[in-house]
Amino acid sequence: MSSTDSPKRWSHVSKVTERMGPFVVDGFVGSPQVLEAVKECPVLVIGAGGLGCELIKDLALMGFMNIEVIDMDTIDLSNLNRQFLFRNKDIGKSKAKVAAEFVMDRIPGAKIVPHFKQIQDFDQDFFRRFQVIVCGLDSIIARRWINSMVYSLLELDEESGDVLSTVPLIDGGTEGFKGNARVILPGYGTPCIECTLDLFPPQTNYPLCTIAHTPRLPEHCIEYVKVLLWPKEKPFGDGVAIDGDDPNHLQWIYDKSVDRAQEFNIEGVNYRLTQGVIKHIIPAVASTNAVIAASCATEAFKIVTSCAPYMKNYMIFNDSDGIYTYTYEAEKKEDCIVCSNVPKAIRFKPNDKLEDVIEALINDFHMREPGIVITTPEGKTRTLYMKSVAAIEQMTRPNLKKTLEELSLIDGQQLIVADVTTVNSLTFILKYN
């Protein structure tokens with residue numbers, strides 16, 4: 001598309017930003033200046049996979065010319081059937097960089113800055129620069145982290161409680177023929193990711209006793225090879241971890257999984273399933289990505305321009321059998337540990353062990369590697385357990401087998417918990433049953 005096509009290309013957007021209509025937000029005045037504001041508006045897209053490619057393209061075509069995109073992955077052959085900004089020649093390259101170059105090449109005037117990094121590599125000052133953040137992620141951990149980040153950016157007036165500064169978060173997700181989009185406005189009463197964590201599908205885990213002794217599913221056979229056989233036989237050398245993108249690794253696991261399946265008369269082990277289990281691949285459909293990305297981009301446009309009311313606040317989409325979509329207003333949890341900033345009470349007995357507390361944080365609050373710190377009556381900081389730092393983990397490991405009473409934890413004790421799923425530490429109140 002040449003630059004001479006620009007007036008025609010933007011004509012439909014200009015009409016939206018100039019018109020008045022029955023759905024317009026009070027106070028909105030349509031004018032060409034609205035489109036100019038959209039062009040200058042800084043937008044961050046997190047994720048450049050199937051959903052992210054659609055988001056970048058949609059936002060740019062809607063008039064957002066100042067976009068930055070973050071993605072830590074490189075392009076794999078299996079991405080090409082649904083991540084339409086990539087070609088064979090791009091395999092092995094950064095998704096963010098290739099997607100940015102593709103869109104800038106097709107849309108004159110678009111400025112898209114790629115970041116081949118993790119979102120955790122950026123600080124508050126980076127995220128504060130954006131007027132809206134749009135997510136197309138496949139990771140619950142990343143969602144929770146960016147959710148806690150935008151709430152850490154919220155600024156309120158100390159006297160009135162009015163919002164002084166906030167960064168809206170628009171989140172989209174897809175799996176097969178199902179998808180959802182949501183709008184999160186910190187400080188305005190919308191529920192955050194943490195409030196509705198139960199809506200996410202549970203992570204698939206198989207009991208070790210089942211995969212070792214009584215496998216019943218083809219996935220059990222693959223997990224057996226992955227968890228037990230690989231570290232035992234070390235097929236590619238001592239200390240070599242499984243690489244889901246290495247065809248030699250996948251072929252070895254597939255062959256051993258077939259042997260295991262034949263031993264127990266289990267059918268269904270194939271190479272594609274092996275890939276799915278090893279790489280935790282979820283089914284992806286290009287058309288679902290397109291629908292959800294269009295919804296998210298539209299919400300970003302409405303929030304930035306106020307040309308129409310934004311969604312309140314959760315939309316689900318399903319085209320497994322026909323097409324079904326429904327929007328409803330999810331409710332905020334008044335005791336949410338992120339958006340309500342209310343310390344959560346956790347209940348144990350004095351003779352429970354610290355490892356029981358760690359297990360509860362993982363199972364009940366969906367944490368990954370929680371570390372616990374307390375403040376002593378003397379005002380000193382004491383680390384009970386911290387797994388993320390090897391030296392501290394080794395030093396605090398004996399505490400896991402000690403009871404809460406032995407650790408001198410009293411009823412009402414504040415536990416400061418740090419985890420990879422949140423930017424800031426969370427406070428819990430220990431209550432004895």
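Colleague: Which residue forms a salt bridge with Glu 233?
Modeller: Quick background: this is a predicted model, where local features need pLDDT of at least 70 and side-chain atom pairs count only at pLDDT 80 or more, while totals for chains, interfaces and linings use all residues. Residues are numbered from 1 along each chain as its sequence is written, and side-chain values use heavy atoms, with hydrogens and water left out. A salt bridge needs a side-chain nitrogen of Lys or Arg within 4 Å of a carboxyl oxygen of Asp or Glu. For Glu 233 the closest N and O atoms are 3.8 Å apart, and the partner is Lys 256.

Colleague: Which helices does that pair link, Glu 233 to Lys 256?
Modeller: The two residues are 23 apart, so they join distant parts of the chain. Helices here are DSSP runs of H or I with at least four residues, strands are E runs with at least two, and both are numbered from the N terminus. Glu 233 belongs to one helix and Lys 256 to another, namely α8 and α9.

Colleague: Is Lys 256 buried, partly exposed or exposed?
Modeller: Buried means under 20% relative accessible area, exposed means over 50%, and partly exposed is in between (1.4 Å probe, protein chains only). Lys 256 has 27% relative accessibility, so the label is partly exposed.

Colleague: How many salt bridges are there by this rule?
Modeller: Side chains of opposite charge can pair when their charged atoms come close. Some join up: Glu 54, Lys 57 and Asp 58 are linked in a network of salt bridges. By this rule the count is 16.

Colleague: Why are Glu 36 and Lys 39 separated by about one helical turn, and in which helix?
Modeller: Their side chains form a salt bridge at 3.7 Å, N to O. Glu 36 is partly exposed because its relative accessibility is 42%, and Lys 39 is partly exposed at 22%. The two are 3 residues apart in one helix, which means about one turn between them; the helix, residues 32–40, is α2.

Colleague: What is the N to O distance between Arg 144 and Glu 194?
Modeller: Both side chains meet in a salt bridge, and the N to O distance is 2.8 Å. Arg 144 sits in helix α6 (residues 140–152) and Glu 194 in the loop between β8 (178–184) and α7 (208–213), 50 residues apart. Arg 144 counts as buried at 2%, and so does Glu 194 at 9%. To repeat the distance you asked for: 2.8 Å.

Colleague: From which residue does the backbone oxygen lie 2.8 Å from a polar atom of the side chain of Thr 274?
Modeller: Thr 274 sits in helix α10, and with 1% relative accessibility it counts as buried. A polar contact is a pair of N or O atoms within 3.5 Å; within protein, one must be able to donate a hydrogen and the other to accept it, and residues adjacent in sequence count only if both atoms are side-chain atoms. Contact in general means heavy atoms within 4.5 Å, and beyond four places in sequence Thr 274 has such contacts with residues including Ile 222 and Tyr 254. The backbone oxygen at 2.8 Å belongs to Asn 270.

Colleague: Which residues does Thr 422 touch, not counting those up to four places away in sequence?
Modeller: Thr 422 is in the loop between β14 (414–418) and β15 (426–432). Its relative accessibility is 6%, so Thr 422 counts as buried. The residues that Thr 422 touches are Trp 145 and Ser 148.

Colleague: What is phi of Asn 265 near?
Modeller: Most residues other than glycine have a negative phi, and most peptide bonds are trans. Asn 265 is in the loop between α9 and α10 (271–279), and at 72% relative accessibility it counts as exposed. Lys 234, in the loop between α8 (218–233) and α9 (247–263), has a positive phi near 45°. Asn 265 also has a positive phi, near 55°.

Colleague: Is the peptide bond from Lys 312 to Asn 313 cis or trans?
Modeller: Asn 313 is in the loop between α11 (286–305) and β9 (314–318). With omega near -15°, the bond from Lys 312 to Asn 313 is cis.
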